[in-house]
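Hi,

Here is the structure I promised to pass on. Have a look at it first, and then read my notes below.

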Amino acid sequence: MVRCVFLGCLLTFAFYFFAKHECKSSEFTLPGDYILGGIFDVHSASDVVIPNSPMALECKTQPFSMSAYQMLEVMRFAVEQINNSTTILPNISLGYEIFDYCLKTRSFPSILYFISDNGRINMSAKENKHNVIGLVGAYASSESVSVAPLFMMDLIPMISYASSSYSLSNKWVYPSFLRTVPTNQDLIMVIIKLIQQFGWNWVAFISSNDAYSQNGLELFISNIKDTSICLAFFYELNSKSNYSDVLNKIDSLSINVIIVFTQALPARQFVKTAIRINIRDKVWIAGDTWSMDEELISYPGIEQIGTIFGVTATTLSLPGFDDFVYQTRLVGENDDCVNCEDGETCNQVCENCTSLNAEDIISQNPTYSFSIQAAVYAFAYALHQALNCSMTGCDPPRDIPPYVLLSYLKKLSFTLQNQQIEFDKHGDPPASLAVVLWRPNKNPLFVMAATYESYPTIQFTLNRRAVPWSDNSTVPYSNCSIQCETGFKRVQTSIHKCCFQCEKCNAHTYINTTADAYSCTPCVEGYWSDEMSIICKKRTIVYLQLEDPLCMLFFVCAVAFIVVSIGLIILFGINYNTPVVKSAGGNMCLLMLFCLILANIGVFFYFGVPDPVNCVLRNVFFIFFYTICLSCMGVRSFQIVCVFKMAAQFPDVYHWWMKNNGQWLCINVYSFIQLVACGIWLLTGRPKPYNDSTSFKDQTILACDMGSMVTSTLAWSCLWFLSIVCFCFSYMGKDLPKSYNEAKNITFSLLIFYLGWIAYFTAYIVFRGAYIQLLNAVAQLSSSYGIVISFYMPRAYIIIFQPKKNTQAYFQSSIQTYTQTLSRM
């Protein structure tokens, strides 16, 4: 209710003013079936005294802007093109009402005229009528923000040709606002891409106290978060700012790239101050408001401050516009505001505008010319669809509700001068931007250095050859820290991420600077890297394979051992009742051979990719069955000592031993103890496969661990303890008869056992690699070969080649001879 009363009062004053001082200058007004509104800053007011009572500002008394007047002429030219077209609106005329919008807070009477219907606004009507079908404008983002709410109430379409603030894309707040100029988001992306192309990351951002600049700063800060760019300094210019202090602060921070994203007036003052205090060799990036400022590029000393880039909408010439301007100068349209009294204005007055030189108008910065033309054509094509126009004509003129026209505008898609014109869901057009390089005192003054297109895909193209850097043709340096060498990570040293020290990445890590330049990423399992690497390499998988020559040789030796052992079992079984076999232990001798075969079954599980079963069978078979074999050898050694050295001294003990089969009792007891030790080992911490990635940086060795250290040590300790006991007993019988040298053979086989395992453990400590596993298997096989060669082969030789020694008489004579020798001692 309050809003309605306020609008009513304001509207009453506005139309009293217009009724009393109605002025229709031909440059500002054109009748037609449908009227477009337009607002341009033909005059620009800055410091205005606040009046004691409400009153509109006389814009004609304010400073004149030639560039804004050129924009007004572009709108008139676009409307004339459409009216002359036989295809867009064949039998429909398009008119306009244009107002001079010199100050956003003092030009509301013209805005209220647009949204009224012959001086009235019916707040209770479902569908209000308005003097215009839509508005072309405003220029600055702050102007659009101030007037847009009045148009949004009834969804009157409003197409801006220069307002780029991204906040205007919010359709919840500005549902009927559209634009034909790229948004601040696009402008900021171009600036960021330009900075990245030259490798800068230490920049300053200068804004001003308006919606356009503040939105640009917000977008810049949000868009550089995921880049290497640091905002080293930012400042918002206002009427009280000391430009010299700001520039000196930037210079003291060693910032060589300055983004000036402000309106044209503060930008001019800021750059002129830089010239005055002798700021040199900087890189300046201008926003679109002053990117092609012809006043500033001609200012004395502008070439000394450094290189200036300007981001601007792609400039397109308007065919026929020059002729149109010349035509209007020749016609001499009336500048007089006929019914206005002196000192009063209706903001549709431009004194002596028609007498302006045509060349001066044409030579103005054409940055927004195409945007204005596109806005007018967008309304025309929307009317074309709403009125069902064809080559033969359109429907008769009728009232078109604003929201209906808005719906047609949102769906538009047409081509104008080879440029695609359409609006996305935010009311924004495809961006077509250019980066121009300033060339003071040269012709042309501006050259295109880069282009940015968002349709059909985003593409930024930079022509480096177009930028002749002044300092030995090298790109200026504007970085907080020197870039790290390849393979080094950044260690941040301040709140700015681009201020850092360099630290090399360790082995088995790498750095991907495109993803994260501040951390070294560990290589995944199966890959490796050296220090200062940028990639990880795949490890070579190494394990024992039968195709390997050494493995094949070992495999042949293992098979030969099994064959020889089976052959000895057969040989000793055939000659079981002979003295040689009986002296070797008889049944015990065959048991030893059988256990040796089973003990070496495990060596065949060393080949191929290890799995849990392979790892268990590799050592458990050898430990258990070799223990049984050593038990037999230990008992045999003990018996030899007792027979030849202790039988005479301890007859009762010897008698009890023989009577109760003491040798088998010892074998069973110790075998059971080892069986329990192996069972505990397998149940509490059995061997399992593991990947050795530490021995070699570029290899992964597939091997088996020993499982639980405690239980595996227990099982191995039983075997080694038994071997020492066996060795002691056999060594005690080293001076037995040469014909009956079993103890010597056992001693020799145990020496081979010790040497084989000592060699393995030494190699295990000193060397690394897959062949260490092969040495483990060799130690097992050599231990068995030692027993077969030293214990069984001499007896097999006697059985086969010296049968005379394999008689009872021969063995008796050897015993008697040794006994007589002992009695003489």
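One cut-off before anything else: I call a residue buried when its relative accessible area is under 20%, exposed when that area is over 50%, and partly exposed in between. Please also keep in mind that this is a predicted model.

**Disulfides**

I'll begin with the cysteines. The structure has nine disulfides, and I'll go through some of them here.

Take Cys59 and Cys102, which are joined with an S to S distance of 2.0 Å. Both of these cysteines are buried, going by the under 20% cut-off. The torsion about their S-S bond is about -70 degrees, so this disulfide is left-handed. Cys59 sits in the loop between β2 (34–40) and α2 (66–84), while Cys102 sits in the loop between β3 (94–100) and α3 (108–115), so the bond ties together parts that are 43 residues apart in sequence.

Next come Cys484 and Cys502, a disulfide with its sulfur atoms 2.0 Å apart. The S-S torsion here is about -95 degrees, so this disulfide is left-handed. It links distant parts of the chain: Cys484 is in the loop between β16 (459–462) and β17 (488–492), and Cys502 is in strand β18 (residues 500–504), 18 residues apart. Cys502 comes out at 37%, so it is partly exposed.

Then there is Cys615 with Cys704, where the S to S distance is 1.9 Å. With a torsion of about -70 degrees about the S-S bond, this disulfide is left-handed. Cys615 belongs to helix α17 (residues 612–646) and Cys704 to strand β25 (residues 699–704), so the pair connects parts that are 89 residues apart in sequence. Cys615 and Cys704 are both buried.

Cys678 is buried because its relative accessibility is 4%. Cys718 is buried too, because its value is 12%.

**A helix pair**

Now for some packing. In general, two packed helices are described by the angle between their axes and the distance between the axes. For helix α14 (residues 549–574) and helix α16 (residues 587–599), the axes come within 10 Å and cross at roughly 165 degrees. α14 and α16 are therefore roughly antiparallel, since angles over 145 degrees count that way. Their crossing is left-handed.

Which residues make the contact between them? On the α14 side they are Phe561, Ile562, Ser565, Ile566, Leu568, Ile569, Phe572 and Gly573. α16 brings in Cys589, Leu590, Leu593, Phe594, Leu596 and Ile597. Sorted by class, the contact of α14 with α16 has twelve nonpolar residues, two polar ones and no charged ones.

Some backbone angles are worth a look if you plan to check the geometry yourself. As background, most residues other than glycine have a negative phi, and most peptide bonds are trans.

- The peptide bond from Asn443 to Pro444 is cis, with omega near 0 degrees. Pro444 is in the loop between β14 (432–438) and β15 (446–453).
- The bond from Tyr455 to Pro456 is cis as well, with omega near 0 degrees. Pro456 falls in the loop between β15 and β16.
- Gln417 is not a glycine, yet it has a positive phi of about 55 degrees. You will find Gln417 in the loop between β12 (413–416) and β13 (419–422), and with 28% relative accessibility it counts as partly exposed.
- Asn418 has a positive phi of about 65 degrees and is not a glycine either. Asn418 also lies in the loop between β12 and β13, and its relative accessible area of 74% makes it exposed.

That's what I have for now.

Cheers

Conventions: Residues are numbered from 1 along each chain as its sequence is written. This is a predicted model: local features need pLDDT of at least 70, side-chain atom pairs count only at pLDDT 80 or more; totals for chains, interfaces and linings use all residues. Side-chain values use heavy atoms; hydrogens and water are left out. A disulfide is a pair of cysteine sulfur atoms within 2.5 Å. Helices (H or I, at least four residues) and strands (E, at least two) are DSSP runs, numbered from the N terminus. Buried means under 20% relative accessible area, exposed over 50%, partly exposed in between (1.4 Å probe, protein chains only). Axes are lines fitted to C-alpha atoms, for helices over the stretch in contact, and angles run from 0 to 180 degrees between N-to-C directions. Angles under 35 degrees count as roughly parallel, over 145 as roughly antiparallel, 65 to 115 as roughly perpendicular and the rest as oblique. A crossing is left-handed if the near helix is turned anticlockwise from the far one by less than a right angle, and right-handed if clockwise. Contact means heavy atoms within 4.5 Å. Ala, Val, Leu, Ile, Met, Phe, Trp, Tyr, Cys and Pro count as nonpolar, Asp, Glu, Lys and Arg as charged, and the others, Gly among them, as polar.
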